[in-house]
Amino acid sequence: MNLQEYQAKQLLAQYGVPVPAGEVCATPAAAKDAAGKLFSGGHARVVIKAQIHAGGRGKGTFKSGFQGGVKICRTADEAMKMAAAMLGQVLVTKQTGPEGRLVGKVLVAGAPNIKKEFYCAVLLDRALSRPVFMASTEGGMDIEQVACDQPEKIVKESINPAAGFLPFQGRKLAVALGLKGDLIASAARIFGGLYKTWWECDASLVEINPLCLIAGPEGQESLLAIDAKMSLDDNALYRHPNILAMRDLAEEAPLEIEAGKFNLNYIKLDGSIACLVNGAGLAMATMDIIQHFGGKPANFLDVGGGASQEQVTAAFRIILSDPNVKGILVNIFGGIMQCDIIAAGIVAAAKESRLGLPLIVRLEGNNAPLGREILRGSGLAIISGDSMADAAQKAVRAVECAGAEERV
Ligand code: GDP
Ligand code: MN
């Protein structure tokens, strides 16, 4: 699960990371009010920021033609105009893909005077099986680009999960970023807070980009998290009801939400062969083998170890609502499940959905012969696969033939 910038900042603030004062708004009038409060509180400028689950907003373009999802304003009226230009509009950035994202909320925040922008993040180093802290003087930009063009500009600090992030590591990173004097201690505190946020929230990524060196009215320097991004480990969300409440369904793919209601683990992809598989490992192997034989999977779908007929029917419905799907490959290993029960579920689901696409089924394990018998006796044109390879090849061929017919 991903969070919006304003939500990530709320959590970071709870762990002592300084963030600009601000308010999230859903209407231009609310944005005007929020900006008015910030101006009367002493801020010389405010920033209006489109809240979407994607970065690159500053350089993004709205489908309306309006440029930029991050705008600095000097009056409350200007803030209202900017919010009106963003709310209800679709913002396209480097990270959203051409379809863009609908902006439902804007963050209205105090906009300080930025002197320098840094990058910092905590994520999991999968090679070392440890958390890693990454920091760079090249903040505010696309970090993937920095990693590609100037990898020496990214400093990394590996963290022992048992000991946690130690104060000396924070100071070391601060010095590596070229910070001096009191700023070293404040950066180390912020880095500690960033790590604590990552650890205690069970996040997979917490990123501050940019972390800014700002100048106050008398020139005094301090550090402030200007933008934040946070992704959580879904398997640990049950431990964080406060974070789960931040879930933004409008940002999630509708088919994936529907699948979640039936405890199905579904991820939409862009190929033409839908897969319905029990077990995540088998589902991945199925996608691989489809690809191996020249096809493209339309989805990842794990119906779990003990799928019910209701779940199989829901799975068919979800698979079939993707217009790219030209054929379905069912790959079931009956370990916990009985193949005859699955077969009955497939038949019922295929009939209920008036399936008109090629359906290839490979059943193996408990009661497999009985399962195949049910499929054969169903009166449906189900293609049976003897092995995974056989089923995958039959699926690829069936989809190719369907494509050829369409072209004629
Ligand atoms: P992103 O484009 O989605 O990553 O959004 P950011 O919040 O990172 O904003 C992009 C850029 O806009 C930042 O790198 C800053 O240069 C600038 N920016 C954002 N907020 C402020 C602000 O409060 N004050 C100033 N001066 N610039 C800002
Ligand atoms: Mn950013």
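Predicted model: local features only at pLDDT ≥ 70, side-chain atom pairs only at ≥ 80, totals over all residues.
Residues are numbered from 1 along each chain as written, chains are lettered from A and ligands numbered from 1 in written order. Local features need pLDDT of at least 70, side-chain atom pairs count only at pLDDT 80 or more, totals for chains, interfaces and linings use all residues, and side-chain values use heavy atoms, without hydrogens and water.

The metal to begin with. The manganese ion, ligand 2, has Asn209 (O) and Asp227 (OD) as protein donors, at 2.2 to 2.3 Å. Donors are N, O and S atoms within 2.8 Å of the metal, or 3.2 Å for Na, K and Ca; water is not among the atoms, so sites may look incomplete. Asn209 lies in strand 11 and Asp227 in the loop between strands 12 and 13, so the pair ties together parts 18 residues apart in sequence. Helices (H or I, at least four residues) and strands (E, at least two) are DSSP runs, numbered from the N terminus.

Buried means under 20% relative accessible area, exposed over 50%, partly exposed in between, with a 1.4 Å probe and protein chains only.

Next, helix 1, residues 5-14: 7 of its 10 residues are buried, among them Tyr6 and Leu11.

Now the cores: sets of buried Ala, Val, Leu, Ile, Met, Phe, Trp, Tyr and Cys residues joined through side-chain atoms within 4.5 Å. The largest has 39 residues, and Phe133 and Leu179 are among those touching the most other members. Helix 6 gives the largest share, 8 residues. A second, separate core of 35 residues includes Val312 and Ile382.
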